[in-house]
Amino acid sequence: MEAEAPSSSSPPGQRRQMCGNCERPIAACLCHIIPIPPMTTTTTKLMIIHHPHESHHKLNTARLLTKSLRHVTTHLSRKLLPSHITNQSNSPSPSPTTTIYLFPPSPGSPAVSLSELKESINLQGDNRNLLLIVFDATWKHAKEMVKASEGVLEGLGAIRVCLDVDESLKGGSIYDDELVLRKEPYKGCVSTLEAVARCLRVVEDEGEEIERVLIGVLREMVRLQAGFLKPVKPRSKLLKKSKQNELQ
């Protein structure tokens, strides 16, 4: 099914015209690639805890998830609150029986890798309701959000899940491998949309197709954004430090 023609609005004082469908600038509209209607996940309910500082970032991918998928709830907050879970439980759909959240492991908090996930949880028969929680923020803020949410996560018995690192990618993300838009700090760190896509590939019956469509949306956003960015030059201090490390 073809996407609807994008509408635009231009509030006073705003220079760029915005698409009323995808909420992107008209010049970088993604309506032609966002699935209509949104894709349905049969197993997973997605909850996005959206940091206030991230909500207006031009490269934020959480909005693309809400446009591309059904069964997505978003909360603008600096941490997971008990009320977020209560509201989820009061929804018409069945309450999730298993809760997982995406975040890399730390010395005191190990994580189950995606490749091990299906062996760690039972998603068979009546136990096919999964709540996936993601923290959408910069990595500095995301660490703070996870720490502040530990009490609620422990009360849910939530399982920390991390991505399997693809060593063939320079930074583990298509951002780094195809275009430097937002630099990820280390391998295994990817955008919110890419992390969710990889997870859904594992837990959903139609996971491979869902991942393909979501990654396609992300690649198109990266491609369109490339035309509006100046080349990124490494900072002189980092270059100097890199040369010093090579000499050691």
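1. Where is the place of H71? Please bear in mind while looking that this is a predicted model. H71 sits in the loop between α1 and β4 (72–76). Its phi is near 60°, a positive value in a residue other than glycine.

2. You will find E23 in the loop between β2 and β3. Its relative accessible area is 43%, so E23 is partly exposed.

3. While you are in that part of the chain, please check the peptide bond between I36 and P37. It is cis, with omega about 0°. P37 is found in the loop between β2 (18–19) and β3, and the loop between β2 and β3 is also the place of E23.

4. Now for the overall picture. The protein has nine helices and eight strands. Of its 248 residues, buried ones make up 45%. Taking contacts between residues at least 6 apart in sequence, 71% join residues at least 24 apart.

5. Which residues have the most contacts inside the largest nonpolar core? They are L46, L65, L69, L132 and L214, in a core of 43 residues. Several elements each supply at least two residues of this core: the strands β3 (44–50), β5 (98–102) and β7 (130–136), together with the helices α1 (62–68), α3 (114–120), α7 and α8 (207–226). The largest share comes from α8, with nine residues.

6. Leaving out residues up to four places away in sequence, L69 touches P38, M39, T41, L46, L200, I210 and L214. Two of those partners, L46 and L214, are listed with L69 among the residues with the most contacts inside the largest core. There is also a second, separate core of 17 residues, which includes M47, I85, L131 and M145.

7. How do α7 and α8 sit against each other? Their axes come within 7 Å and cross at roughly 165°. That makes α7 roughly antiparallel to α8, since angles over 145 degrees fall in that class. The crossing in which α7 passes α8 is left-handed.

8. From α7 come L193, E194, A197, R198, L200 and R201, and they meet G207, E208, I210, E211, L214, I215 and L218 in α8. By residue type, this contact divides into seven nonpolar, one polar and five charged. L200, I210 and L214 from this contact turn up again among the residues that L69 touches.

9. Last, a look at S191. Is S191 buried or exposed? It counts as buried, because its relative accessibility is 6% and the cut-off for buried is under 20%. S191 lies in the loop between α6 (174–178) and α7 (192–203). Please also compare its position with that of T138: the two are 53 residues apart along the chain, and their C-alpha atoms are separated by 9.5 Å.

Terms used
Residues are numbered from 1 along each chain as its sequence is written. This is a predicted model: local features need pLDDT of at least 70, side-chain atom pairs count only at pLDDT 80 or more; totals for chains, interfaces and linings use all residues. Side-chain values use heavy atoms; hydrogens and water are left out. Helices (H or I, at least four residues) and strands (E, at least two) are DSSP runs, numbered from the N terminus. Buried means under 20% relative accessible area, exposed over 50%, partly exposed in between (1.4 Å probe, protein chains only). A nonpolar core is a set of buried Ala, Val, Leu, Ile, Met, Phe, Trp, Tyr and Cys residues joined through side-chain atoms within 4.5 Å. Contact means heavy atoms within 4.5 Å. Axes are lines fitted to C-alpha atoms, for helices over the stretch in contact, and angles run from 0 to 180 degrees between N-to-C directions. Angles under 35 degrees count as roughly parallel, over 145 as roughly antiparallel, 65 to 115 as roughly perpendicular and the rest as oblique. A crossing is left-handed if the near helix is turned anticlockwise from the far one by less than a right angle, and right-handed if clockwise. Ala, Val, Leu, Ile, Met, Phe, Trp, Tyr, Cys and Pro count as nonpolar, Asp, Glu, Lys and Arg as charged, and the others, Gly among them, as polar.
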